[in-house]
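Here are my notes for anyone opening this one for the first time. Have a look at the picture, then go through the points in order.

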Amino acid sequence: MILAKVVGTVVATRKDDKLLSTKLLVARPIDPRGKAEGSYLVAVDTVDAGFGETVLIVSGSSARMASGLKDCPVDAAIVGIVDTIEVKD
């Protein structure tokens, strides 16, 4: 799972038929303290996430197992919205 912050949206007027009526969001991976790390990625939103929210993303074959994405050509899917993160050192 990848912890990330939603930083934008993608509008695609033409896409695979299996992706019709899906929302595509741009997310940036973060560490548990909220610091950006890694490069941006585009993920299919399965939980109605919004701009600025911290989310959980699955990638690879796990993304295709997310709700409603069976047999869809996706590599990343948002599967959760994070309410709080607690890190104890």
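In which sense do strand β2 and strand β3 pair, and over how many bridges? Point 3 has the reply.

1. Ground rules. This is a predicted model, where local features need pLDDT of at least 70 and side-chain atom pairs count only at pLDDT 80 or more, while totals for chains, interfaces and linings use all residues. Residues are numbered from 1 along each chain as its sequence is written, and side-chain values use heavy atoms, with hydrogens and water left out.

2. The parts list. Starting at the N terminus, the order is β-β-β-β-α-β. Both kinds of element are DSSP runs numbered from the N terminus: helices are H or I with at least four residues, strands are E with at least two.

3. The β2 and β3 pairing. Strand β2 covers residues 23-29, strand β3 covers residues 41-45, and the two pair in the antiparallel sense over five bridges. To count as a pair, two strands need at least two bridges found by DSSP. To see the pairing for yourself, find Ala27, which sits opposite Leu41 in β3. Then try Val26, whose bridge partner in β3 is Val42.

4. The other side of the story for β2. β1 and β2 also run antiparallel, joined by six bridges. Here the residue to look for is Val10, with Leu24 of β2 standing opposite. β2 is mostly covered, as five of its seven residues are buried. Buried means under 20% relative accessible area, exposed means over 50%, and partly exposed is in between (1.4 Å probe, protein chains only).

5. Overall dimensions. A compact globule of 89 residues would have a radius of gyration near 12 Å, and the 13 Å of this protein agrees with that. The radius is taken over C-alpha atoms, and the globule rule is 2.2 Å times the number of residues to the power 0.38. Along the principal axes, the C-alpha atoms fill a box of roughly 45 × 25 × 20 Å.

6. Of the 89 residues, 36% are buried. The protein exposes about 5,700 Å², with carbon and sulfur atoms supplying 51% of that area. Areas come from the Shrake-Rupley method with a 1.4 Å probe, and for residues only the protein chains shown count as cover. Among contacts with a separation of 6 or more, 52% are between residues 24 or more positions apart; contact means heavy atoms within 4.5 Å.

7. Thr54, worth a zoom. Thr54 belongs to strand β4, residues 54-59. It counts as buried because its relative accessible area is 13%. Leaving out residues up to four places away in sequence, Thr54 touches several residues, among them Leu3, Ile30, Gly80 and Ile85. Its side chain also makes a polar contact with the side chain of Lys5, at 3.3 Å. That term means a pair of N or O atoms within 3.5 Å; within protein, one must be able to donate a hydrogen and the other to accept it, and residues adjacent in sequence count only if both atoms are side-chain atoms.

8. Ser59 lies in strand β4 and is partly exposed, with a relative accessible area of 39%. Ser59 and Ile78 are 19 residues apart in sequence, yet 9.0 Å apart in space, C-alpha to C-alpha. Ser59 touches Ile2, Asp75 and Ala76, not counting residues up to four places away in sequence.

9. Two loop residues to check. Most residues other than glycine have a negative phi. Ser21 has a positive one, near 65 degrees; it is in the loop between β1 (2-10) and β2 and is exposed, at 79% relative accessible area. Asp48 has a positive phi too, near 60 degrees. You'll find Asp48 in the loop between β3 and β4, exposed at 64%.
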